[in-house]
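Dear colleague,

My notes on it follow directly after.

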Amino acid sequence: MRRGLLRTGHWSLRYDTRALLVCLGIAVLAACVTVLSIGTGTYQLSPVEVVRTFAGNGPPGAEFIVLDLRLPRALVALLVGFAMGMAGAVFQSLTRNPLGSPDIIGFGNGASAGALVAIIILDAGAPQTALGAVGGGFATAAVVYLLAWKRGVHGYRLVLVGIGASAVLGSATSFLYVRAEIGKAAQAASWMIGSLNARDWNEVRIAALGLVVLVPVVLFYGRRLTMLEMGDDTAAALGVPPERSRLLLLCAGTGLTAMAVAACGPIPFVAMAAPQLARRVTRAAGPNVLPAAWMGALLVSAADLATQRVTGSAILPVGVVTGVAGGIFLGWLLLRERRDHRL
């Protein structure tokens, strides 16, 4: 494994060369998929025409379609995928379990339930729905953390309690649907599937705000994730306070999940699959938070492109594609874990 060291004044940064190259490669792939996605639709544009439109000399009428209609959707896909991939890497590292992603252990469901309360009960708009998602995500995180506490929080307890919380929140969501008016229930149902349809610059701002605030926190404390994977005693011996670090990273991962859900609803399995795929590409130990984030961006962008190519429009929610692909991936992952005698 080749490692590099970047020094600037009193600061130094150690990095894995292969992981850095993987991040650059995935980012380029995600950009290419995004350009293809922007050019797809009733008004077809070639990749060259999309790039020319960005430069200000595209075909007649393309500027409105590309910049005002399609670019916000494509940016939401990238930002949401980035947040989900990074959150998945944080949670899987904290739980030391490939199934410990926020959508499996209930944190995504908590954000969804909070958003549904804002939509159905409070008749809220986009900003209030975002606040509801964030509040629901953090409330779920607090309850799961407290219930999993027993002289500290260990991964297997967090996963088990989170799965139970997910089941409870699923029942609460169903109850909200039953009691809602027809119009609000239809609005909530379309949002709950996980859709990028009709995303605009408001959703871009919501997702971007979460990344600007929380990504630096995760990157700064990423080294602590590696230490925590070695065990609390080892981490403490190396000068890392285990429980305080775990709580801080748990809050950061929850915030990323909640902001992603607030922007486009829950998109299943991305947070689970992205870290696993990133780890296999980088071949590096540790949480791989940045490669996982770029992998998540690529997965959501590719799923969005697939929805448009399959149906010839943007009607099919992206959550349907990730749900089908994620179910297949989950089955493969479980078979692999069983073969390696870890299940």
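This is a predicted model: local features need pLDDT of at least 70, side-chain atom pairs count only at pLDDT 80 or more; totals for chains, interfaces and linings use all residues.

Helix α11

Helix α11 runs over residues 242–264, which amounts to 23 residues. From its first C-alpha to its last it reaches 33 Å, close to the 33 Å expected at 1.5 Å a residue. Of the 23 residues of α11, 19 are buried, so the helix is largely enclosed by the rest of the structure. Directly after α11 comes Gly265, whose phi is positive, at about 85 degrees.

Cysteines

The structure contains zero disulfides. Cys32, for its part, takes part in no disulfide: the nearest cysteine sulfur belongs to Cys23 and lies 16 Å away, whereas a disulfide would require the two sulfur atoms to be within 2.5 Å. Cys32 has a relative accessibility of 44% and therefore counts as partly exposed, the class between 20% and 50%. Cys251 is likewise partly exposed, with a relative accessible area of 34%.

Surface patch

A nonpolar patch on the surface is formed by Ile193, Val320, Val324 and Ile328. Together these residues have about 350 Å² of accessible area. One of them, Val320, is located in helix α14, which spans residues 318–339. Val320 has a relative accessible area of 34% and is therefore partly exposed. As a general point, an α-helix has 3.6 residues a turn, so residues three or four places apart point the same way.

With kind regards

Methods: Residues are numbered from 1 along each chain as its sequence is written. Side-chain values use heavy atoms; hydrogens and water are left out. Helices (H or I, at least four residues) and strands (E, at least two) are DSSP runs, numbered from the N terminus. The expected span of a helix is 1.5 Å times one less than its number of residues. Buried means under 20% relative accessible area, exposed over 50%, partly exposed in between (1.4 Å probe, protein chains only). Patches are made of residues with over 30% relative accessible area and no salt bridge: like charges are joined within 9 Å, nonpolar side chains (Val, Leu, Ile, Met, Phe, Trp, Tyr) within 5 Å. Accessible areas come from the Shrake-Rupley method with a 1.4 Å probe; for residues, only the protein chains shown count as cover. A salt bridge is a side-chain nitrogen of Lys or Arg within 4 Å of a carboxyl oxygen of Asp or Glu.
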